Amino acid sequence: MTPEDTIAVETGPGAMTHEAYYALAERLLPGAGLGGYSLPNDVRFVIHKGEGSRLQDVRGRWYIDYVGGAGALILGHAHPAIVAAVQEQAAKGMHFFGTLNEAALHLAQELQAAIPCAEKITFTSTGSEATFYAMRMARAHSGKSKILKFEGGYHGNHDYSAFSVTPKALSNYPAGQPETGGIPSGLAQSILIAPYNDLEVVRRIVRENRDDLAAIIVEPAQRIIFPKPDFLPGLRKICDDNGILLIFDEVVTGFRLAYGGAQEYFGVKPDLASYGKVVGGGGPLGCVAGRADVIGLAAPSYKGKPNYAYVNGTLHGNPIAAVAGLASLRILKEPGYYKTLNARADLIRRECQKVLDRHNLPALAVGEASLWQIIFMPRPPANHADVMAADADRTRKLNVAQMKAGLYVLPMVRGFVSSVHTDKDFEETVRALDTACRAVA
Ligand SMILES: Cc1ncc(COP(=O)(O)O)c(C=O)c1O
């Protein structure tokens with residue numbers, strides 16, 4: 001066995017070199033990564049640990065983390081309250097199956113109280129599962145098979161979501177473009193695509209498909225695009241007028257924009273909402289919340305009936321993730337939490353914008369609440385067409401330069417501010433952005 005063949009038991013700076021880890025990754029993992037992102041060789045790194053707002057790689061280098069576990073880590077890494085809760089639960093059991101556990105029930109109670117549409121809750125392990133099941137429930141409830149989603153919207157990794165997420169050309173609405181190979185050929189007819197923030201096109205598609213349309217699914221804030229004031233209320237009305245369910249994908253916005261998520265922030269209540277990320281405190285947990293008559297169809301007593309919506313998973317309601325979620329929610333619930341978080345994100349957006357302006361770069365620090373991204377574009381985006389018109393090459397170059405300067409941002413991907421980002425982090429972020437701007441000028 002060579003060193004490259006061993007999985008380091010004792011990890012940490014020096015345990016195995018960066019190069020050795022990547023040699024292993026190149027050999028074992030597609031694209032030498034853990035998922036859909038592969039970073040350029042000169043900025044990629046192997047994480048050793050996270051602490052608060054920062055990550056350390058196996059070379060001992062530190063990064064200020066704005067990826068935040070894809071938005072799950074609103075309290076940063078290794079928050080003491082979450083660590084304590086997880087340690088206590090781990091000593092009592094990592095995982096159970098087949099019957100209830102205390103932690104999941106306590107979390108369900110807290111979620112039901114917090115989420116405006118939540119009459120009932122059903123747990124999942126991930127956000128993708130939560131959108132998958134919400135769509136299944138909508139189809140089971142209505143007996144109809146089509147789902148309308150928005151161009152540029154992401155609802156996870158499953159086949160029903162993988163249409164027109166990052167299309168290179170605008171769709172011929174409502175026909176979508178598959179994001180991946182491997183999607184059964186008949187599925188495309190079931191997923192209809194509309195442009196975000198465009199109620200006129202939605203009305204037309206609904207009119208033409210109302211007899212087959214089970215639901216509209218929407219990210220209330222789609223990636224870094226925020227809704228026009230009439231968009232979400234307009235979707236609610238279209239759904240009500242046509243007997244269609246409205247599904248909010250709150251995997252990102254849930255417990256992120258406000259304690260009551262997008263439903264509280266924008267004042268619109270869907271029939272179903274999917275959650276992931278923050279609700280599991282960094283652990284594998286998601287849920288679908290919503291109307292009792294729809295979520296209730298997952299009850300095993302419906303088995304064998306045509307409107308039964310099968311929901312089941314080995315890790316559903318996992319107690320480790322449930323206590324991590326509960327520990328997080330206790331903190332997020334403190335008065336003023338979101339006001340402070342969102343104000344601090346405003347501050348870093350403003351300070352970064354000043355740096356971009358000083359360098360005369362036609363880029364914007366866009367976003368709202370604690371979501372943000374620097375993009376070369378003339379105005380905040382209203383739809384996927386605006387995102388496509390952005391200068392992706394320059395944005396990517398700047399993002400890579402930011403990484404070289406010590407910021408962990410994924411190229412062309414929205415970032416998150418957490419409540420453990422400090423003033424010192426912000427000062428260093430501004431300095432790092434200045435260095436990055438100089439590098440790309
Ligand atoms: C809006 C949205 N929905 C669904 C998902 C899928 O969640 P997961 O990656 O936990 O499966 C994501 C993940 O980033 C997301 O951003």
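1. Let's start with helix α13, which covers residues 423–440. At 1.5 Å a residue, its 18 residues should span 26 Å, and the end C-alpha atoms are 26 Å apart, so the two values agree. The expected span here is 1.5 Å times one less than the number of residues. Helices (H or I, at least four residues) and strands (E, at least two) are DSSP runs, numbered from the N terminus.

2. A word on the source: this is a predicted model, in which local features need pLDDT of at least 70, side-chain atom pairs count only at pLDDT 80 or more, and totals for chains, interfaces and linings use all residues. Residues are numbered from 1 along each chain as its sequence is written, and side-chain values use heavy atoms, with hydrogens and water left out.

3. Which residues of α13 are buried? Among them are Asp 425, Phe 426, Leu 433 and Cys 437. Buried means under 20% relative accessible area, exposed over 50%, and partly exposed in between (1.4 Å probe, protein chains only). The cover over the buried residues of α13 includes strands β2 (54–57), β3 (62–65) and β12 (371–375), along with helices α10 (337–358) and α12 (392–404).

4. Now look at the ligand. Its surroundings include Thr 126, Gly 127, Tyr 154, His 155 and Arg 223, where a residue counts as near if one of its heavy atoms lies within 4 Å. By class, this shell has three nonpolar, five polar and four charged residues. Ala, Val, Leu, Ile, Met, Phe, Trp, Tyr, Cys and Pro count as nonpolar, Asp, Glu, Lys and Arg as charged, and the others, Gly among them, as polar.

5. Finally, compare two residues. Ser 328 sits in helix α9 (residues 319–332) and counts as buried because its relative accessibility is 2%. Leaving out residues up to four places away in sequence, Ser 328 touches Leu 75, Ile 82 and Gly 281; contact means heavy atoms within 4.5 Å. Pro 362 lies in the loop between α10 and β11 (364–368) and is partly exposed, at 48% relative accessible area. Beyond its neighbours within four places in sequence, Pro 362 is in contact with Phe 376, Met 377 and Arg 394.
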